[in-house]
Structure formats: structure tokens, C-alpha cells
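Visitor: I would like to go through a model with you. Could we take it step by step?

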Amino acid sequence: MDTTLPSTDFLKSQAKRLRVDLTNLGYPVTHATTLEMVAHQWGARDWNTLSAKAGAPKQGWAPGDRVSGCCKSGKNLRAWHVVDHLAL
């Protein structure tokens, strides 16, 4: 199952709410700790991993899709040619 991740701002607000709730229950924790807890809830190893995945641009192509564009070739970088091939 592939779950779409919310924005990092949303995930940070989840961590803030969790910190407030835990503190009100008598379990004071740092914001960093709640960021790690939120990351684990979303199935990530740690906050840095989750933040990178949530902030990553959505890929607009899939393997096997047709792509086209220009690329530089040879030692003379002024020489251009148009490519039209299958994405690897």
C-alpha cells in the first residue's frame, strides 16, 4: 500500500500537537522527540527520512514512459541533438 505523505508543515504541526498532549498528560518531551514519533507513525526510520520523502517532488514519469528533449553530445558542447527514446 502506497500512502501519499502530507506536507512537512502538516507533519510538524502533528508533532506540536503531540508534544502539547503528552505534556498535558504529565509526560514532557522535546519537539525533536515528537518529530521522531511522528516519523515512526508514518513508517519512516527517523524524522530526516520522513521530511525528505514528504518534501520530495512528485515524479511525473514512470519507467517505460516515452520522453523527449534535447541533450548535449560529444566534446563540442555546442552540438545539440534531439532525443526521443524510452526512459530507462
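This is a predicted model: local features need pLDDT of at least 70, side-chain atom pairs count only at pLDDT 80 or more; totals for chains, interfaces and linings use all residues.

Visitor: Let us start with α2. Which of its residues are buried?
Guide: Helix α2 spans residues 31–41, and its buried residues are T34, L35, V38 and A39. These residues cover an arc of only 145° around the axis, so they lie on the same side of α2.

Visitor: And what covers the buried residues of α2?
Guide: The cover includes α1, residues 8–24, and α3, residues 47–55.

Visitor: Which residue follows α2, and what about its phi?
Guide: G43 follows α2, and the phi of G43 is positive, near 85°.

Visitor: Changing topic: how many salt bridges does the structure hold?
Guide: The structure holds one salt bridge. It joins the side chains of R45 and D46, with an N to O distance of 3.6 Å.

Visitor: Are those two buried or exposed? Take R45 to begin with.
Guide: R45 has a relative accessible area of 67% and is therefore exposed, as this value is over the 50% cut-off.

Visitor: Now the rings. How many aromatic pairs are there?
Guide: The structure holds zero aromatic pairs.

Visitor: What sits over the ring of F10, then?
Guide: The charged end of R17 does, at 6.0 Å from the centre of the F10 ring.

Methods: Residues are numbered from 1 along each chain as its sequence is written. Side-chain values use heavy atoms; hydrogens and water are left out. Rings of Phe, Tyr and Trp (its six-membered ring) pair if their centres lie within 6.5 Å; planes under 30 degrees apart count as stacked, over 60 as edge-to-face and the rest as tilted. A charge sits over a ring if NZ of Lys or CZ of Arg is within 6 Å of the ring centre and within 35 degrees of the ring normal. Buried means under 20% relative accessible area, exposed over 50%, partly exposed in between (1.4 Å probe, protein chains only). Helices (H or I, at least four residues) and strands (E, at least two) are DSSP runs, numbered from the N terminus. The arc is that of the directions from the helix axis to the C-beta atoms. Contact means heavy atoms within 4.5 Å. A salt bridge is a side-chain nitrogen of Lys or Arg within 4 Å of a carboxyl oxygen of Asp or Glu.
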